[in-house]
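Have the sequence and the model at hand while reading.

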2 protein chains.
Amino acid sequence: MTTIANNKTLKDLGEVGIIRLIQGKVSQKLPSYVKKGIGDDCAVVETSGERVLLVTTDTLIEGIHFTARTLSPEALGWKALAVNISDIAAMGGTPRTAFLSIGVKPDTEISFIESFMAGFKALADKTGIILAGGDTVESPSSAVITVTLLGDCLPEHVVYRSGARVGDDVWVTGPLGNAAAGLFLLQTKEFAAPSGYEPLVRAHQRPMPPLDVGKALAESGLAHAMIDISDGIAKDLGHICEQSVVGAVLWAASLPMSSPLLGLAAEAEKEALQWALHGGEDYELLFTASPADKEKVQSLTAKHSGRPAVKVGAIVREDGILLAKQGTEVPLESGGYLHFCK
Amino acid sequence: MTTIANNKTLKDLGEVGIIRLIQGKVSQKLPSYVKKGIGDDCAVVETSGERVLLVTTDTLIEGIHFTARTLSPEALGWKALAVNISDIAAMGGTPRTAFLSIGVKPDTEISFIESFMAGFKALADKTGIILAGGDTVESPSSAVITVTLLGDCLPEHVVYRSGARVGDDVWVTGPLGNAAAGLFLLQTKEFAAPSGYEPLVRAHQRPMPPLDVGKALAESGLAHAMIDISDGIAKDLGHICEQSVVGAVLWAASLPMSSPLLGLAAEAEKEALQWALHGGEDYELLFTASPADKEKVQSLTAKHSGRPAVKVGAIVREDGILLAKQGTEVPLESGGYLHFCK
């Protein structure tokens, strides 16, 4: 066991460091029924049946992940489930049962829970998810929401982060940066009453992970590696590269950006590309596939989501991620949202 | 949908009211693969295999469930897992994989995580549980821990809260009130350096749910209904009665109380019986069985835990719980720890 000097804090370690510390502390030989533990979008656990279990859990804390200004109670209920659905989608699975832990202050209005549950149920109904349990506790200050979502998949269809191959194309299922631009709108007073920017706000508040596309990509065998874009494509492509022991080139000019995003960037004098690369919370899927399957990928994704996936780069042998932009290639810093680092 | 006046708060509703509100908002016909949703110690979900999945989740929040004074980081790690193991034990299952969500302040010392994980791992190793995933996030103030635990069981062995039959004996697997007395010691300055009271403090900080006993009772078919004692026997027996549509009589003189508990009650001028009835957090099992199986229950529990279960009451037809004490029977208020009600 590594022991680190006692006076250091989690700020010194960062989120990745903390996860590594936890992994180190429990490092153990996984039993054969745990096909994947820490380190992918979901854990993959064998049951005695033919399908493997997919398990993911995500926590949203008031003041960190949301405020009353950025998410209404109803949007919070929707989003708390959506971020977990996105992880199941990224493995190619089907979500089944959700477990909801809510911690709130005793002086919270009852209507908060009513609205929260309305948002949660709207998305659960849309995706066939059953709320099967949870915990309801008092919190002294911030509202705290943890959703654990269980799904399943045939083991031969599960798509891991680790399957990218040198020469693969890199694809995304939809526009990037909208959610980050939506958050900017919600947090910035002068843009508080946006017009024409509703899709950006909606992307932040009501993401709809492309569950059907994820499942179709997995069942077709077209996706070699897949992840959901929760921290920004730069950071999430980094996860694929790390787990697959490859590198990647991203083509700046190919990244799909919406008209409202470009419009807002111009109006607010922001760089749209930064939102697209590092904004996070897009909950689109990022995957790699063989160049030979380009047309199959386009038609399959178009069929299941109404819009074809967009090719944004390639997997290469050399470590790291390069951003190709205006004829030059520069190393891309991961730079997505980092917990514990201000 | 019922809608409740907007200006009311969760304090007006109480924990049970909030859970009913949530249930009402998602009320839906459960698909056949969800054998039990909200309302027992675990959800019971069919997989395509021969064993059903048991799922439970519990959240511990600083300032509500613990403080730095009552639980060291190491004890917190142990207890966050133990309270979930207790729920699996109460269904008669075997715990398998745990998912840990930690929210802590960025200025938390790294040693907090190291110690927390040491406690978590000590109990995980003892019980064969694998940490298979989780989430690590920043919290603006209180530390927040959610553990979701998955286990399994043959469907014919699962013991629900709803199986108690009129005439059944009511049993507990171990002493009651120790954890509550331990908490009292930890919170009360004049008893801060207890001598001879270590078992009480240990019961609060390092509960060890009787997992083997729960499994043996389930496999033998002896237990008709079972629950873990987390809120106090009065409240938890109430859950069995409500779900089984029966009542119960508890015999005050039969409730197992330890010598340290009786000693502390005398010294601190407290009523030991109140701790035993309402203290909560004992994480022993409460179950009902046929009177004809009395000796089998005693020998089976003795074999698996070193001490026989103790018969503390009987299931009766009439609603409610009566406390039989010194020749009289009085209605027992549930009165365990109630979230949201100060």
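**Helix packing between the chains**

The helices α1(A) and α3(B) run roughly parallel to each other, because angles under 35 degrees count as such. The angle at which α1(A) packs against helix α3 (residues 110-127) of chain B is about 20 degrees, and the two axes are 10 Å apart. The model is a predicted one.

**α1(A) with α3(B)**

- The crossing of α1(A) and α3(B) is right-handed.
- On the α1(A) side, the contact is made by A:L10, A:L13, A:I18, A:L21, A:I22, A:K25 and A:V26.
- On the α3(B) side, the residues are B:I110, B:I113, B:E114, B:M117, B:A118 and B:K121.
- Sorted by class, the contact of α1(A) with α3(B) holds 10 nonpolar and 3 charged residues, and no polar ones.

**Chain A with chain B**

- Chain A puts 73 residues into the contact, and chain B puts in 74 residues.
- Several elements of chain A give two or more residues to the side that touches chain B: the helices α1 (10-26) and α3 (110-127), together with β2 (43-46), β3 (52-61), β4 (94-104), β5 (130-138) and β6 (144-153).
- The largest share of this side of chain A comes from α1(A), with 10 residues.
- By class, the side of chain A that touches chain B has 33 nonpolar, 27 polar and 13 charged residues.
- The copies meet through the same surface, because 100% of the interface residues of chain A are also interface residues in chain B.

**How the two copies are related**

- Chain A is superposed on chain B by a rotation of 180 degrees with 0.0 Å of shift along its axis, at an RMSD of 0.0 Å.
- The two copies are therefore related as by a two-fold rotation axis.
- Which residue of chain A comes closest to the rotation axis? That residue is A:G49, whose C-alpha is at 1.7 Å from the axis.

**Domains of chain A**

- Chain A is divided into domain 1, covering 40-156, and domain 2, covering 159-331.
- The centres of domain 1 and domain 2 of chain A, taken over C-alpha atoms, are separated by 23 Å.
- The contact between them takes 20 residues from domain 1 of chain A and 23 residues from domain 2 of chain A.
- On the side of domain 1 of chain A that touches domain 2, helix α2 (residues 73-91) gives the most, with 11 residues.
- That side of domain 1 of chain A divides into 10 nonpolar, 5 polar and 5 charged residues.

**Helix pairs within one chain**

- In chain A, the axes of helix α4 (residues 178-187) and helix α5 (residues 198-205) come within 7 Å and cross at roughly 100 degrees.
- This makes α4(A) roughly perpendicular to α5(A), because angles of 65 to 115 degrees count as roughly perpendicular.
- From α4(A), the contact includes A:N178, A:G182 and A:L186, and from α5(A) it includes A:P199, A:R202 and A:H204.
- The contact of α4(A) with α5(A) is made up of 9 nonpolar, 3 polar and 1 charged residues.
- In chain B, the axes of helix α6 (residues 211-220) and helix α10 (residues 294-305) come within 9 Å and cross at roughly 145 degrees.
- The crossing of α6(B) and α10(B) is right-handed.
- B:D212, B:V213, B:A216, B:L217 and B:S220 of α6(B) meet B:L300, B:T301, B:H304 and B:S305 of α10(B).
- By class, the contact of α6(B) with α10(B) has 4 nonpolar, 4 polar and 1 charged residues.

Terms used:
Residues are numbered from 1 along each chain as its sequence is written. Chains are lettered from A and ligands numbered from 1 in the order in which they are written. This is a predicted model: local features need pLDDT of at least 70, side-chain atom pairs count only at pLDDT 80 or more; totals for chains, interfaces and linings use all residues. Domain bounds come from an automatic or database domain assignment. Two residues are in contact if their C-beta atoms, placed from the backbone, lie within 7 Å. Helices (H or I, at least four residues) and strands (E, at least two) are DSSP runs, numbered from the N terminus. Ala, Val, Leu, Ile, Met, Phe, Trp, Tyr, Cys and Pro count as nonpolar, Asp, Glu, Lys and Arg as charged, and the others, Gly among them, as polar. Copies are superposed by least squares on the C-alpha atoms of residues with pLDDT of at least 70 in both. Axes are lines fitted to C-alpha atoms, for helices over the stretch in contact, and angles run from 0 to 180 degrees between N-to-C directions. Angles under 35 degrees count as roughly parallel, over 145 as roughly antiparallel, 65 to 115 as roughly perpendicular and the rest as oblique. A crossing is left-handed if the near helix is turned anticlockwise from the far one by less than a right angle, and right-handed if clockwise.
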